[in-house]
Protein chains: 6
Amino acid sequence: MRINERLADQRRPMNLTVNPNKYAEGSVYIEVGDTKVLCTATVEEKVPPFMKGQGRGWVTAEYAMLPRATQTRNQRESARGKLTGRTMEIQRLIGRALRSVVNLQALGERTVIIDCDVVQADGGTRTTSITGAFIAMSIAINKLAQKHNLAVFPVTDYLASVSVGVVGNELLLDLNYEEDSKAKVDMNVVMTGEGKFVEIQGTGEESPFSREEMNGMMELAEKGIREMIAQQQEVLGPIALKIGSGQAGKKV
Amino acid sequence: MRINERLADQRRPMNLTVNPNKYAEGSVYIEVGDTKVLCTATVEEKVPPFMKGQGRGWVTAEYAMLPRATQTRNQRESARGKLTGRTMEIQRLIGRALRSVVNLQALGERTVIIDCDVVQADGGTRTTSITGAFIAMSIAINKLAQKHNLAVFPVTDYLASVSVGVVGNELLLDLNYEEDSKAKVDMNVVMTGEGKFVEIQGTGEESPFSREEMNGMMELAEKGIREMIAQQQEVLGPIALKIGSGQAGKKV
Amino acid sequence: MRINERLADQRRPMNLTVNPNKYAEGSVYIEVGDTKVLCTATVEEKVPPFMKGQGRGWVTAEYAMLPRATQTRNQRESARGKLTGRTMEIQRLIGRALRSVVNLQALGERTVIIDCDVVQADGGTRTTSITGAFIAMSIAINKLAQKHNLAVFPVTDYLASVSVGVVGNELLLDLNYEEDSKAKVDMNVVMTGEGKFVEIQGTGEESPFSREEMNGMMELAEKGIREMIAQQQEVLGPIALKIGSGQAGKKV
Amino acid sequence: MRINERLADQRRPMNLTVNPNKYAEGSVYIEVGDTKVLCTATVEEKVPPFMKGQGRGWVTAEYAMLPRATQTRNQRESARGKLTGRTMEIQRLIGRALRSVVNLQALGERTVIIDCDVVQADGGTRTTSITGAFIAMSIAINKLAQKHNLAVFPVTDYLASVSVGVVGNELLLDLNYEEDSKAKVDMNVVMTGEGKFVEIQGTGEESPFSREEMNGMMELAEKGIREMIAQQQEVLGPIALKIGSGQAGKKV
Amino acid sequence: MRINERLADQRRPMNLTVNPNKYAEGSVYIEVGDTKVLCTATVEEKVPPFMKGQGRGWVTAEYAMLPRATQTRNQRESARGKLTGRTMEIQRLIGRALRSVVNLQALGERTVIIDCDVVQADGGTRTTSITGAFIAMSIAINKLAQKHNLAVFPVTDYLASVSVGVVGNELLLDLNYEEDSKAKVDMNVVMTGEGKFVEIQGTGEESPFSREEMNGMMELAEKGIREMIAQQQEVLGPIALKIGSGQAGKKV
Amino acid sequence: MRINERLADQRRPMNLTVNPNKYAEGSVYIEVGDTKVLCTATVEEKVPPFMKGQGRGWVTAEYAMLPRATQTRNQRESARGKLTGRTMEIQRLIGRALRSVVNLQALGERTVIIDCDVVQADGGTRTTSITGAFIAMSIAINKLAQKHNLAVFPVTDYLASVSVGVVGNELLLDLNYEEDSKAKVDMNVVMTGEGKFVEIQGTGEESPFSREEMNGMMELAEKGIREMIAQQQEVLGPIALKIGSGQAGKKV
């Protein structure tokens, strides 16, 4: 039996507080068990230099942990003077995942920046960030779509993410920190509302894994993500109806 | 009349949530109006190199703003690769202020690091950080005092801080962002429970100020800080009794 | 039909030149089509600070591209003053993959550093780096095992890597740059000699992918990696016999 | 009795050498006791990006110490790769203070940069820098006013600065290094020719201070600064007459 | 007798492989004994900011060593976050030397960047880089001259470089690493096809040298460089005829 | 005729002010025409890590220009966050030159750091720095030799430096900035009291030079440096007698 009597295929409770920040165009405070992330979305009326003049928008993400988000204090990356490889890897992942469900043509020459700041970490901070970032982004894009009367709603599908892993011989859904540190295999899955995969990152540094284990983990992840997307739909309310309505799946 | 019908000598409501973080040795979430800061205290069993072998402890602070704590998004200092002068100035101020009410000898060769992360900014983030940092630090030091059975309680007095300023011809207590940006003079005051000053920083970049204005601002600040210290005492509960009990005021 | 008349499941020719560098403890110059990487292995008689005193070794990797490895010149990371996120991500991946087939206990308190310098890039530089790094590392560890008469040969299994992807509706093995830039889905697979997976990283930024596509890609990757490992065994000669001989798969 | 038989309210001798540098638009070599600072003013026909197109100018300052300005050698900030918090704090203070007596509108879209390089340090380097910077700036602005026939002389008032402190139970004016390191309280005051305050920074890290002590320190500072401004007037000669002549105190 | 039975005035064998890189506008792989450098030339249709609008071109160089080019592994400059003084010194030297034989006016507003990456180092990496860089540059400029039908061929003369030194009492040509580390005096000479000097850098850190020694070293260097230029002419083939043909020696 | 009616082989007037700095172990303010450099020597009772435990000392130098040492203001290297290549090149040169006349064995495990800060630049800042640095170093080492009663005086010979060049068809000694910017060839020579060379750096970026020109420049440099060393001897007074007295020329 897992901590808190969770079943192997049972996620931790997820709590979503919408728009906790009074300045951001969209924001959410997402709690998955004891992992807590503040996601804020900012819309800027410009694109990075390499995209100028193409009539298309851009979505990017930044990720950071507060120094005491973890059991022992981490040095600030601002004090170190540079980002760690881990941070870079995670923020590239979040940005890539979000862009896969945004019609950048429909967005116009604008950038949506999602900031994911981990207030407390207990495993799964990158998957929780993606799940929260999607909500903050959707709220911000909805505001934008209304303000500029966009012809096509730029969000083409839902998006959420969860981790799965192998601990001992058991396949587990949504690992917390303690489970994660004992896991032989660790896999992060990002999936859309249509049930298609956007990112799969499986790592067996401690012990390589077989095709069977992989298939089992994929199934757990699918179950978990479907449940999360249902919760996203609830809190997004009327915005949920617009997602994918325009030209879902058709990206330019 | 000020925004929200405040009187000139009226502070914004202050809300203190104690120990929101499950890992830190002490933490507080402090809200002063729409300014919201998470303060966490970490105790490390070592001191910086320049203090080694003296048998005394150290207290230091770090300060940062989340990118969307403000109306327009700020670039992360970690992405810029260095701290701004403003950040450095503020964290030096917080550290200095806290050390003024800690008996470093009684602390022993340990470092208390206070992280002040501004979640939302609406004026007064540095004074709010000091007021919150004092609480987080006191909780952490109390835990330490119990664990190591310290002979003298190392916190020698209360400490809080508020900003005052001159807007038009009026002296105002606890300026929010809108008032602050119209102020001709801006002063931050840090005071102890005994009513003595630890830091006074007055700036008249827009318009130099007179001795009379200065005296008026000092009085407003004293009133505000006394009220804040009363609230600190409330949330600290039994810890409050220990502060200054040992050898208050006598620093080594 | 693919460029150079390759079939969908056909790899590019791989050429391995062993020990081109006269100083390194092990080195290989690996050419996969027009992608060319110099891999050198260095053995240092110490471990990083976080591993000291545990009696275990460490394997790590660094990756870089020469400025004119690509069609247009890239700015040097040394001139930029920092590593890009892409570089960090890749070198973390290479290190993790290599460690999965090394018995760190058997290695003793030593570090093996693998440098992968891309001389020319035509797609698949990270997978080619892993395949080459494994050879350079094995040669270096063999030298070490002989010199120190190690009881257990620390390399526990073979390791190679290849990329697979979806271009149009076709699943392709070992994409070159031109194919990679048209691919909707791109997956890098790292597999051991036993046919188990160490890393799977699939990205569908341009278009999410289904379970079926994923399974198809996995099969292509398995075929490609088996062929590559056969070539590794050839060039490693007598060293090949020692790999996994000791206590293959049993990591401490 | 103080070192060199100074009285408590007696400043150290101040020596001003005007225009020691043959390239700068204005410069002064200021010696206050053994504290020696070279101040040079540079005029650039542009403003920082954030001020472009507003028809207003800007005044900014940089501060540094030569490595052997102090008893033990300090590492160069260029070798460290970044400015210390202390340096940032000081150069922000100098810039702010200078801007308070400049009519930025009258200056036009130009920047005056004051470089304060401490050749030898014996306490009071920041206050000495401000006092010297004012002279270098005034000379440069005078040259500018003549060259461009400015309608209003942009310098609106005099400006000088001194430190005061509490050593033992005595209030002292213009502390040297030895006194400063024994001081319980240390206050830097910047005042205009009209006797108004531009900056007050009082710090009681070693021991909080009372309103009475503060008032006493303010009086000493006023006395000291009045004397310094008299000396500034002397060396500025005919330029002195223009300061504040236009629309003194009226800033736009 | 020297290592490998070389005479005092005998160079190491030099091997030149032309155009090993499929992307660069010109490239050469130069081997001088065990010193091996890859030189690639890139042409960009722009000049650095300080040269804009003058109708003249620019030639610049970058130099780096792979981490395991040397007996013990060197930390990457990208990982250190900055270039060493040695690297800066060398790349400034290479750029200066190359520009001395290029008619920047005839080149037009373009930049030629030469990257010299040391794959293996055994003494003389900077002189070998210059000799190789000249070839890569000439090939790239020839391509440019044909494409844009330049009126004057911009390369005005040949250029090669060699090191000479004093080991014991003997003057030696083309020192390898072992000889270099025993040398009392070390001199790098860069000379043109006309036999004129472009750079002379002699260093007697271990022991100052006399005019006679200097003259002897100069003669050795001249002999060596003449031989190297003959080899350059061979591999450049028809391009060799164009060098200096236009207005050799006349720079604008 | 040159500026200020100087003859081709005439140096600018050189003025030496000994020990202007009250903290440094040795210092000199050297003025060569309008080029002015403050040189301070610091003795530290430790050596850099790579020299520990060898019983030998180290001499190193740092070089910087104040921002307004030049006609237009230069950005501080501390603000840029890194040293320029020019600065690194110069400080490596100064250090190397000084070490050539110091018996590091006789110095013991100590480091002498010479800081050369250019207060005003009018050509020849690096040669002026070397000439001044030698004086500051000799004073500091003399103090050290007395304090620790060193058996052998560690300074083995005099050292000075001057620049020579070709302007038009004329060979000139000691170029000022205006001459230097018109020079076709520029050579810096460092020579000992015995008339031997320590460094020769000749650059003909604008126009290659012949053996004859080189010989002519060498003769001018010798004349200039002999005169400078005579002036060094004067200001060093009794210290001058000790230089080279011990075991002149014999380095360990």
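This is a predicted model: local features need pLDDT of at least 70, side-chain atom pairs count only at pLDDT 80 or more; totals for chains, interfaces and linings use all residues.
Two strands pair if DSSP finds at least two bridges between them. Strands themselves are DSSP runs of E with at least two residues, helices are runs of H or I with at least four residues, and both are numbered from the N terminus.

Residues are numbered from 1 along each chain as its sequence is written, chains are lettered from A in the order in which they are written, and side-chain values use heavy atoms, without hydrogens and water.

Let us begin with the strands. β9 of chain A (residues 197-203) runs antiparallel to β9(C), and five bridges join the pair. Within this pairing, E199(A) has T203(C) as its bridge partner.

Now for the interface as a whole. Contact means heavy atoms within 4.5 Å, and buried area is the accessible area (1.4 Å probe) that two parts lose on being put together, summed over both.

| Chains | Item | Value |
|---|---|---|
| C and A | Residues in contact | 32 residues from chain C, 32 residues from chain A |
| C and A | Buried area | about 3000 Å², 50% of it on carbon and sulfur atoms |

Of the area that chain C buries against chain A, 22% comes from E89(C), E205(C) and R211(C), more than from any other three residues.

R211(C) also forms a salt bridge with E219(A), at 3.3 Å from N to O. A salt bridge here is a side-chain nitrogen of Lys or Arg within 4 Å of a carboxyl oxygen of Asp or Glu. Between chain C and chain A there are six salt bridges.
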